[in-house]
Structure formats: structure tokens, C-alpha cells
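Have the sequence and the 3D view open as you read.

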Amino acid sequence: MFDTPSSHVERRLDGLEKHLKQENPVLLQVVQSFRDLDAIAYRMGLLDRSESFATRVPWWPMISILGTFSSGKSTFINHFLGHKLQRTGNQAVDDKFTVICYSKEENIRTLPGLALDADPRFPFYQISKELERVSPGEGRRIDAYLQLKTCPTEKLRGKIIIDSPGFDADAQRNATLRITDHIMDLSDLVLVFFDARHPEPGAMKDTLDHLVKNTINRSDSNKFLFILNQVDCTVREDNLEDVVAAWQRALAQSGLTAGHFYQIYNQEAANPIEDALLRERYETKLKEDVQDLQLRIQRVEVERAYRIIGVLEHTAKLIHLECVPRIQEWVARWRKAVLLWDAILYGLIVAGVGSGILVHNPPLMSWLEIGMWSSGTTPWQSVLVDFLAAVGTVAFFSIHVLIRKWTARFLGSRLLREVEQPELHEYLRKGFKRNTGPLASIFRKQPVGWGRLTQMKLMRVLKNSDAYVQNLNDQFTNPSGRADLPNPKVMLEVE
Ligand SMILES: Nc1nc2c(ncn2[C@@H]2O[C@H](COP(=O)(O)OP(=O)(O)OP(=O)(O)O)[C@@H](O)[C@H]2O)c(=O)[nH]1
Ligand SMILES: [Mg+2]
């Protein structure tokens, strides 16, 4: 069938559905709508069957923890998960990036980097190619850079957390820097950790140079949160304000004057604070900042769910409002061009070349005339006439095919030049090709595959995406949490 995906895509979507079944039933239904949209796009030739709109969406929000070494990144993650998942210690402990994701299996599993490189559901799919590009030879050593850990905590449902090795741009290889940049690009939230024991610019230089300076001019700079960790170390000298001020001066020197700043510590790792008043002051500030951080982390998941439905709706509208009319318009131009060139060339051939040859070759004409109309046709003459007729037909047809092809190629590239949105280019290129291909009629008014049934299907996807949003509203505005709503209430339109 034209509208079914390849077995490879089918397997990927099945895997995605399996995960979402555990994590978010509303999004599980969204996958079905992506499947419907895929089927429409396959039928219209906008998408290859080896692709799916669903695999172009990052399904899991990603929260990454970057920062200086021994600043307490792994301790923070362990505390957040409520599991002692990552090793911690005062020496540089982590030398790899760890992608942490949910699994309901009780046993924590650690898988090599290859597992991430080969799995399109994760944000490091085919990263080895990229590593190979920036540092030849390193692509094969993917396991030295990345690992995957699974953890059964509810806190992880529907998201991915990344722990990273302490940042040290000098010592770091290109490959590590490349992974860091990749993480910063893809993450929904980046927590940049600093160590309150060393708040002076010298100690933070690499981190400031690379992580902070790079974040300032980004359009998504809002997703970077700057965290001064281990502030309990200021208890002894009671100089929290001075340390925070020194830290903020260092950030400001790197250009960061506005942003989200937090001061936290880990109560289990910290020395107990003896003085009751001091303890209360520290704990109150800690509670505020940790709550705020947790809210930001929660919001990421909510925002991502809405964004995925947004992509579904956007893609459906893109097909309906952009691809269909543009393909229609440019196929009409193509039809006109083909008919015009057909007329010009056939006219020239028939009128000019054909008559010219015959008029200027009276012997040939009289010979053919004898062959065609006289009763005394010789076998050779009749064979020649048949042969010429066949050659003529093939030549005429080939000219028509060439005209179709060349005009389609010419108009196809003009179409792409005229369209400004780059995301449309691929769909229009493929769709226009399907509509001007060897099997497409030039007299077709509607784009290939854009029949009544397809139109109804697309309208259903749009209607359902509204229903998904309502369902998410119910889910996320329900104060008792999503666990109460295992079965989405949404009434979906079905075929
Ligand atoms: N006093 C105090 N110590 C902490 C705090 N958080 C972590 N530590 C300790 O600091 C050391 C480093 O913590 P890690 O969590 O391993 O730091 P990391 O940033 O993951 O280190 P690398 O992975 O090596 O870059 C450990 O000995 C922790 O027990 C804190 O808030 N206060
Ligand atoms: Mg660590």
C-alpha cells in the first residue's frame, strides 16, 4: 500500500507507543494522529515511507546538568531521583555523559553509549557520525563518552535527565565539547552548576567562557538556570551574601547580568548547621530555591506535551494550507508550460521539419506517395512506412516526456526559490515531483492523493489535536496529578 510506513518506521512507532503507554496516555493517542498524518503524506508523496512526522519530534523533554567538576551535579540528581544512581565524590568522578531515563524495571540498568547512538528515541541518535566529523576516530569510541542508565522512579516518567562530567574546556577534547553543545541545543532546561567553595572567576573560567558566554545571545537563553551549589560551605564564616556577590560578579564579567540564579546545597552531603537561627535562614532560602527549581522541571514536561500537539497541528495545517495550494498552483503552471511547449515543438516539427523534408525531397515524397497510395506497394516500401510511423510516434512521445521532465525540473526549482519557509522545501519538492512524475496526468486538477477521504482524514487530525489540548488541560490543571487520570477522557473522532 502507498500509505503504510516501512517496517523500520513501524517498529520505531511501536516502540514509541510502548514507552508512552507507561508514561502518558494522551500522548499515546497523539502518535495515532501522527500515523494518520503520515498516511496522508505518503499518499500525497510528501514523505518517504521510510520516514514519519512522529520521529521528527523529540518526545521526551530533556533536562541537562552541566557545570564545574565536583560542584555536586551527581549528588543533586541522586537526591532528585531518590536513588543513589550516580557515583559522587570529591575527585573528578564522572568522565562520561549519562542519559538517565525511566523504566519500570526494578533493577537499574546501565547500557553503553552505542545503545544511545543507535536508538532514534534518544537525543544522541547517530551522534557518533558527528563526533567522527569533529574528531576523526572518536566516533568509534562512543562508549567512552556516553552511557544510558534506567531508573524506576516516578520522578523520571516522561523525561530524560543528563548528568555530565565536570566541565573543563582546556582538558576537554573536541568530542566532549561537541556533545556539550549538542546537549545545550536540544535540552529544554539546562542547569549550570557552580561550586560555592570556589566562586572566584579563575576557578570557573572554562565554564564561564564556554557555557555562560555561549548562552547569552541565544533565543532560548531562558532555559538556562545558573546554580551556585554547596552554599552550606559559607556557614562557618557566615558570608553567604559575599560569596553569592562574588559569583554574580564573575557571571556579569562574562556578560550575564540577567537570568535565573539559585543558591542551593544538599542537606545530606552538607555538614549539619549547629546555629538554629543560621540554620533556619539557610533552610528557608534552600526551600524557596529548590521549590522553584522543581517547578521549572515540572513545567518542562507540560510544555513539551503541548509543544508535541502543536507540532501535530502545525504539520496538518502545513499540508492543508501551504502544500496543497502551492502544489495545485505550480502543477497548473506546469500543465500550461507543457501544453505550450508541446504545441510549439510539435507545431514546428509537423509544419517545419516534416513538410520541409518532404517539399525539399521530391523524390522521397513521390516514392512514399507511391508506397502509400498506389496499389503497387512493394513490401520494402510498406515496411519502411510502418517503421517511419513507429519512429515518429516514439519520437513524438519522447519529446512530450522530455518536455514534461524539463519543465517540471525548471518549475520545481523556481517553486523552491519562491518559498521562504525552509521546513516546506522538502515536502514541496517531493510533492511536486510526485505530481509531475511519469505517471501523473497533466490534466489532474487536485494534487495526487488529495481526495475527499484524505481531506476528511486531515480535518479529523486537526479536530483531534484540539481535543488533545483540552485533555492535557484537564490533566495538568488537575491538582491531584495525572495518576488519577489513567484513561484520557477525550472523545476522539474515529474512522
Ligand atoms: N558540603 C556539601 N558537599 C556537597 C554538596 N553536594 C555535593 N557535595 C559533595 O561534593 C562532592 C562532589 O559531588 P558530586 O555530586 O560527585 O559532584 P559532581 O559535580 O557530580 O562531580 P563530577 O562528576 O566529578 O564533575 C561529593 O563528595 C559530595 O558529597 C553540598 O551541597 N554541600
Ligand atoms: Mg558527577
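## A cut-off to start with

Buried means a relative accessible area under 20%, exposed means over 50%, and partly exposed is anything in between. Asp238 comes out at 39% relative accessibility, so it counts as partly exposed. One thing to keep in mind throughout: this is a predicted model.

## The chain as a whole

The chain has 495 residues, and 47% of them count as buried.

Most residues other than glycine have a negative phi. Ser70 has a phi near 55°, and Asp238 has one near 45°.

Where do they sit? Ser70 is in the loop that runs between β1 (62-67) and α3 (73-81). Asp238 is in the loop between β7 (224-229) and α8 (240-253). Is Ser70 buried or exposed? With 18% relative accessibility, Ser70 counts as buried, whereas Asp238 is partly exposed at 39%.

## Helix α6

Helix α6 covers residues 174-186, which makes 13 residues. From first C-alpha to last, α6 reaches 18 Å, close to the 18 Å expected at 1.5 Å a residue.

Which residues of α6 are buried? The list is Ala175, Thr176, Leu177, Ile179, Thr180, His182, Ile183 and Met184.

## Salt bridges

Side chains of opposite charge can pair when their charged atoms come close. The structure holds 28 salt bridges. One of them joins the side chains of Lys430 and Glu51, at 3.1 Å from N to O. That pair links distant parts of the chain, 379 residues apart: Lys430 belongs to helix α12 (residues 422-436), while Glu51 is in the loop between α2 (25-44) and β1. Lys430 has a relative accessible area of 14%, so it is buried.

For a local pair, look at Lys205 and Asp209, whose closest N and O atoms are 2.7 Å apart. Both residues lie in helix α7 (residues 201-216), four residues apart, or about one turn of the helix. An α-helix has 3.6 residues a turn, so residues three or four places apart point the same way. Lys205, at 47% relative accessibility, is partly exposed, and Asp209 is partly exposed too, with a relative accessible area of 31%.

## A helix-to-helix pair and a network

Arg281 and Glu241 form another salt bridge, with 3.6 Å between their closest N and O atoms. Because Arg281 lies in helix α9 (residues 276-360) and Glu241 in helix α8, the pair ties together parts that are 40 residues apart in sequence. Arg281 is partly exposed at 36% relative accessibility, and Glu241 is partly exposed with a relative accessible area of 48%.

Some salt bridges also share partners. In this way Glu10, Asp14, Glu17 and Arg35 are joined into one network.

Note on methods:
Residues numbered from 1 in each chain as written. Chains lettered and ligands numbered in written order. Predicted model: local features only at pLDDT ≥ 70, side-chain atom pairs only at ≥ 80, totals over all residues. Heavy atoms only, no water. Helix = DSSP H or I, 4+ residues; strand = E, 2+ residues; numbered from the N terminus. Buried < 20%, exposed > 50% of the residue type's maximum accessible area, 1.4 Å probe, protein only. Expected span 1.5 Å × (residues − 1). Salt bridge = Lys/Arg side-chain N within 4 Å of Asp/Glu carboxyl O.
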